[in-house]
Amino acid sequence: MIGHFSAAMTTEVAHRLEEHLQRADGQEDCCFLLWRPSSGAHRTTALVTELVLPEDGERILHGTVDFTSAYFLRAAGIAAEHGYGLGFIHSHPAGRGWQRLNDIDDAAEEAFAAQTQVLTGRPLLGMTFAGTDASYGARIWQRHVARRYTSTEAETVRVVGERLAVTFNDRLVPVPPASNTQQRTVSAWGSKTQSDLARLHVGVIGTGSVGMLVVEALARTGIQCLSLFDFDTVEHVNLDRLLQATARDAQLHRAKVYLAARAARRAATAASIRVTPYEMSVVEPDGFAAAADCDVLFSCVDRPWPRAVLNFLAYAHLIPVVDAGVAVDARGGRLRGAEWRAHIAAPGRACLECLRQYDPAQVTAERDGSLDNPAYIRDLPETHPMRRNENVFVFSAAAASAQLIQFLTMTTAPGGNADTGAHLYHLATGTLDRRQDGCNTGCLYDTALRPLGDDANISMTGQHHAAEQTRTARSRAARRWSVRVRRAVDDIVWRLR
Ligand SMILES: [Zn+2]
Ligand SMILES: [Zn+2]
């Protein structure tokens, strides 16, 4: 039984829907939809992938709209044949914001919920479109008792592509109360944008030098729901780059993600914030499922495997991924240059593989453990990214900032523009390159995988030995008396502050 429920589609599908539903004569209209499930740990999302537009005589317009059983059977037949779920959308031309069903709508959808389940094997997705501001509503029809179908309302409908536009179900995800700590932020973009931003469920993958800065900024901006992922432990070598980290955290073998969660709670300006730290990698099945509950993900990792998994979440599950990276050229012990990038993987934009943010061959090497083998790394060319680990706090700050700017641009569309392309900054020349085209021709993420959700027949996740060893080492350290006592005292002192 589906509990938390959402719907999502690409900007391209939304455009086609609007073209059909926004009628010049102002009448209501409708059409059938095809969808695939995307399952997270706690949320199921219906990914709307296709429209089954009505043919002549298949629908009757008379101010309100009706469809023939032939139309229903044709659409259900297509869904059943290709393994899709069936959906139905109708418009409320004068509506604004999230549309709930009136009694007539409710009875109409309920009437074919059972048949849809039988014909397609999946529950009926009901959707509503508000003509005034192009917002959406959604619900899923499930059987509760014999022959009795009732609808569960979605919490959000997100449209993903150039812009991330989310319609929130205010009843289930209430508009956050105004807070006087956010006056300056709200005066920059208004309370509507603030309430849309604050209600996004944001995931940050990797809470190292870049991720820690991103978490701080998100919490101060008023984001209410954060999921943080990192299996790593704070070490002394991190202290020059890791915001929040102290020598004591390194001594106590603290998990980076624990530091990030604590920092988010301290920095939060939202009246209430829910921060969930996951001591795991997104490549592990549980990490992947928790990431699939998010509306948008920040990729603050530097390894190929998690980047490939995130790329997959962006295109197959319609969760946009804001990615950044830093490369320092310090050959011969001298700073020759540095580059930092920030870009977003989402349908219609170039993916992380096409942007060469990871090499698929290295994903295989990481999966079989080679990248954690010092001998393998030693044999790579000296210029290979896996061999170069120089970085400084200032470059991390620049990358985090560029990444946050990408996120803000996608969600708030300053001056009406939500996509300014993939950014690459060069330190030595002070220049910025932008790439504005989409994926390379034939890219799988842009074609075959998009957006298959759970139906994608490839396994991206697996056992991650380095993550397991790190967690084991940390809990072994925590079992030592000295660490336990110091950590307990430290926590008490921290709470008293
Ligand atoms: Zn209606
Ligand atoms: Zn691509």
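This is a predicted model: local features need pLDDT of at least 70, side-chain atom pairs count only at pLDDT 80 or more; totals for chains, interfaces and linings use all residues.

Trainee: OK, at what angle do the axes of H5 and H7 cross?

Mentor: Roughly 25°, and the axes come within 8 Å. H5 is residues 209-221 and H7 is residues 256-267. Angles under 35 degrees count as roughly parallel, so H5 is roughly parallel to H7.

Trainee: And is the crossing of H5 and H7 left-handed or right-handed?

Mentor: The crossing is right-handed.

Trainee: Which residues meet there?

Mentor: From H5 you get Gly211, Met212, Val215, Glu216, Ala219 and Arg220. They meet Ala260, Ala263, Ala264 and Ala267 in H7. By class, that contact has seven nonpolar, one polar and two charged residues.

Trainee: Switching topic: which domains does the assignment give?

Mentor: The domain assignment has domain 1 at 4-168 and domain 2 at 180-472. Their C-alpha centres lie 33 Å apart.

Trainee: How many residues does each domain put into the contact?

Mentor: Domain 1 gives 24 residues and domain 2 gives 25 residues.

Trainee: On the domain 1 side, which element has the largest share?

Mentor: That's E2, with four residues. The elements giving two or more residues to that side include helix H1 (11-21), strand E2 (30-39) and strand E3 (43-52).

Notes: Residues are numbered from 1 along each chain as its sequence is written. Chains are lettered from A and ligands numbered from 1 in the order in which they are written. Axes are lines fitted to C-alpha atoms, for helices over the stretch in contact, and angles run from 0 to 180 degrees between N-to-C directions. Angles under 35 degrees count as roughly parallel, over 145 as roughly antiparallel, 65 to 115 as roughly perpendicular and the rest as oblique. A crossing is left-handed if the near helix is turned anticlockwise from the far one by less than a right angle, and right-handed if clockwise. Two residues are in contact if their C-beta atoms, placed from the backbone, lie within 7 Å. Ala, Val, Leu, Ile, Met, Phe, Trp, Tyr, Cys and Pro count as nonpolar, Asp, Glu, Lys and Arg as charged, and the others, Gly among them, as polar. Domain bounds come from an automatic or database domain assignment.
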